[in-house]
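Hi,

Here is the structure I promised to pass on. Have a look when you get a moment, and my notes follow below.

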Amino acid sequence: MANKAAGSMAAEPGFAIEIAGERVAALGPGVDRKHLLRILRGDVEIEVEIELHGYTAPAARRLVTATLLEMLREGERCARIVHGRGRHSEAGPVLKAGVLEWLTSPPLAAHVLAFATGRPEEGGAGATIVLLRRTRAG
């Protein structure tokens, strides 16, 4: 994986992002690749689904950020973000591109281990599976 693959958005330093067609895979800085492989194999339990269809980009960003931060507080680690493929948008895949940017930028970047395009049964290119870091009890 390389930082800033063709077509990628600006990411926090250290995020390794690979884009191949409609598929995206990303690994947080210093994170073992096994976490990404777990997502790609479907070996993670999706605990929360965030449905973004019908949202504007700013509203979707607020929803994604609030939901993932709440997941961290609750000790949940894996979410499916359903953003669609952007085929019905004149501007292209706005929400899909937004999710890539939001997950690799503050305040979420520090909490993201890895994320990838969903497998076909998870929504395929219209969904992103994200795995969050474990939170330390405090």
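Where is the place of R77? R77 sits in the loop between α2 (57-74) and β4 (78-82), with helices (H or I, at least four residues) and strands (E, at least two) taken as DSSP runs numbered from the N terminus.

Before going further, please note that this is a predicted model, in which local features need pLDDT of at least 70, side-chain atom pairs count only at pLDDT 80 or more, and totals for chains, interfaces and linings use all residues. Residues are numbered from 1 along each chain as its sequence is written, and side-chain values use heavy atoms, with hydrogens and water left out.

Back to R77. This arginine is buried but has no salt bridge, and the nearest side chain of opposite charge, E47, is 6.8 Å away. Here buried means under 20% relative accessible area, exposed over 50%, and partly exposed in between (1.4 Å probe, protein chains only). A salt bridge needs a side-chain nitrogen of Lys or Arg within 4 Å of a carboxyl oxygen of Asp or Glu. For charge, Lys and Arg count as positive and Asp and Glu as negative, while His and the chain ends are not counted. Beyond its neighbours within four places in sequence, R77 is in contact (heavy atoms within 4.5 Å) with E47, M71, L113, V130, L131, L132, R133 and R134.

Leaving aside neighbours within four places in sequence, L68 is in contact with I50, A79, L103, L108, V130 and L132.

As for charge pairs, the whole structure has six salt bridges. One of them joins R73 and E70 at 3.0 Å, N to O; these two are three residues apart in helix α2, so about one helical turn separates them. R73 is exposed at 60% relative accessibility, whereas E70 is partly exposed at 34%. R41 and D43 also pair, at 2.7 Å, N to O. In R119 and E121 the closest N and O atoms are 2.5 Å apart, and R119, E121 and E122 are linked in a network of salt bridges.

Best wishes
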